[in-house]
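Please look over the sequence and the structure shown here before reading on.

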Amino acid sequence: MIDEPYRWVEAISNRREYIENELATGSPTVGLSFNDGILLLTFGRDRRKIFEIYDRIAIGAIGHPGDIERLRMMAIELASTEGFTRSAADVSLRRMATYAFSPALKQAFEQIYGPPYLARILFAEVGSAQDEDLFVRLDYDGSMHANAMNVGKRREGFGAIAGTRRGLEQVQNFLRGADFSDLRSALRAAVHAWGIGLYTADQDHPDVPEDSALKEFVKSKLEHYTLEAALLDRRAAESRGAFMEVPEPDLEAVLSDFS
Amino acid sequence: MEGLKPPDRSTGDFLALLKRHQLLGDAPPISGRHLEFKETIATTILGFKFAGGVLVAGDRRATAGNVVMYDRADKVLEIDRHSVMAIAGSPATAWEMARILEHSFQYYRRSQLQEMSVEGKVRALSKLLRDNLGMVMQGVGVVVPLFATYEKRSSEPAKLFFYDAMGAQFEATDFASSGSGASAVRSVLYYENSWGSQRLRERSRQEAILLALKALDTAAEADTATGGVDRHGKIFPIVKIVAETGIETVADDKLSDLFQTQVA
């Protein structure tokens, strides 16, 4: 039955709807490229969502913890074996996403007797200069969006994932006009963007709220969510891993805007 | 890059990962006719605890038989933010071990989301040495390293370990040395620690660096395989300090100043 083309399309479409529903309530993750590196920021309720993958690469994710864990381990294994057999400089997000992750996710999604990955992932790779910073958004069906991988496209200095398409679009709209030239302004913009993404993910709130209303919204969410932020430090990327925690004073300074 | 394989175990064991992907095999048995060849050997290294942490140093010479193979070899290798491995023996094997260790610790930290314990790190090196025993028994690839690290939450944070070629690990109370000039270095450090102006542990950073230079120079005096301090070529030993803030490599011009004013 399922071998008939129509049934297959129907099954895929049901599967897509199911996964989209499961992901819809996910807390957005925002990645911003600025002078000193890349900031990854999200708010979580009870588990970590931002992880180090390799010297220059980190991920943020929405989805089922089991699936996120499987994808995270695959990324670490791929990067580690490549970095060991060749060199850390040969570990590339572009190759990893294009040749390994996208096909694997697509295959799992379309084999309807097997389980799909219930996950949406934001990869970030810090470059030696700001215009080499790369963000890749990978979806459960293997579709892939990069901030810049081909010539001619205007490079965007950010990447984001959100629970719904509308939420993501609003986050992107906001970030296209936002200032994030240093860590403090990047933290502020990222918290703002996160609030917009979560607010507009809800069907009752299609539009971006006023600043004051957004502030109240974020403030109310802070009772249930805790801030999680990591840095890919451009200077540290040359020697050892670039992944590090954001200094506590910077986090407190930004959160104090909402208390 | 090869395709994705679902991980069957998630223990953070990098060696198991390498073996699963067939990137690391057992040493091939060498049998029958043996080729006569002179293996490159890295020589003298030392380590001791001082007031500011652990100092680890090594001369720069690598020899193959009576030939000086290389006079700028780096035998003191940074493994992670707080660990240093110094190597004496076959660089071919030792540098590979250092690479495996570096990746093992990183892989463990990234996959398990916690740092490997000092004991775990020390045993990881021990295991690599034991796995190498087959090669050693055939007369090549022997490595006798030192391992220094800093464990913040310990009552005695500065740690120094030395090994034998089979992988037995020994924790040094004050100092350790390895390589062809080891006995000379050991005598100097023993003498200085017992009857010198101060115990090694009480010495300042500057005094510690100075002692390392003198000890390596002493080793080079009788051992042709040890480079010591090259007064003409301005080649100085590698000196690294493992402390709470991380690893610091003492700059060449600093070593040069100290050597010229206090030793030469």
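This is a predicted model: local features need pLDDT of at least 70, side-chain atom pairs count only at pLDDT 80 or more; totals for chains, interfaces and linings use all residues.

Residues are numbered from 1 along each chain as its sequence is written, and chains are lettered from A and ligands numbered from 1 in the order in which they are written. The helices named below (H or I, at least four residues) and the strands (E, at least two) are DSSP runs, numbered from the N terminus.

**Where the two chains touch**

**Helix packing in chain A**

- Two packed helices are described by the angle between their axes and the distance between the axes.
- The axes of helix H4 (residues 165–176) and helix H5 (residues 183–201) of chain A come within 8 Å and cross at roughly 150°; such axes are lines fitted to C-alpha atoms, for helices over the stretch in contact, and the angles run from 0 to 180 degrees between N-to-C directions.
- H4(A) and H5(A) are therefore roughly antiparallel to each other, on a scale where angles under 35 degrees count as roughly parallel, over 145 as roughly antiparallel, 65 to 115 as roughly perpendicular and the rest as oblique.
- In the contact between these two helices, the residues of H4(A) include A:Leu168, A:Val171 and A:Phe174, and those of H5(A) include A:Ala189, A:Ala193 and A:Ile196; the residues of this contact divide into eight nonpolar, five polar and one charged.
- H5(A) also packs with helix H6 (residues 211–221) of chain A at an angle of about 85°, with the axes 10 Å apart, and H5(A) and H6(A) are therefore roughly perpendicular to each other.
- Here A:Val191, A:Gly195, A:Ile196, A:Leu198 and A:Tyr199 in H5(A) meet A:Leu214, A:Phe217, A:Val218 and A:Lys221 in H6(A), a contact of seven nonpolar residues, one polar and one charged.

**Strands of chain B**

- Strands of a sheet pair through backbone hydrogen bonds, either parallel or antiparallel.
- Three strands of chain B form an open sheet in the order E1-E4-E5 with antiparallel pairing, where two strands pair if DSSP finds at least two bridges between them.
- The edge strands of this sheet are E1 and strand E5 (67–70) of chain B, each pairing on one side only, and the twist averages 40° from one strand to the next.
- E1(B) is joined to strand E4 (residues 62–64) of chain B by three bridges, and the partner of B:Thr40 in E4(B) is B:Ala64.
- Strand E2 (residues 45–50) of chain B pairs with E3(B) in the antiparallel sense over six bridges, with a hairpin of two residues joining E2(B) to E3(B) and B:Phe50 standing opposite B:Gly53.
- E3(B) is joined by five bridges to strand E12 (residues 238–243) of chain B, which runs antiparallel to E3(B), and B:Leu55 stands opposite B:Ile241 in E12(B).
- Six of the six residues of strand E3 (residues 53–58) of chain B are buried, so E3(B) is largely enclosed by the rest of the structure; a residue is buried if 20 or more other C-beta atoms lie within 10 Å of its own, exposed if 12 or fewer, and partly exposed in between, with C-beta atoms placed from the backbone.

**A buried strand in chain A**

- From strand E8 (residues 158–161) of chain A, A:Phe158 and A:Ala160 point one way and A:Gly159 and A:Ile161 the other way, and all are buried.
- Four bridges join strand E1 (residues 29–34) of chain A to E8(A), the two running antiparallel, and A:Gly31 has A:Gly159 as its bridge partner.

Key: Two residues are in contact if their C-beta atoms, placed from the backbone, lie within 7 Å. Ala, Val, Leu, Ile, Met, Phe, Trp, Tyr, Cys and Pro count as nonpolar, Asp, Glu, Lys and Arg as charged, and the others, Gly among them, as polar.
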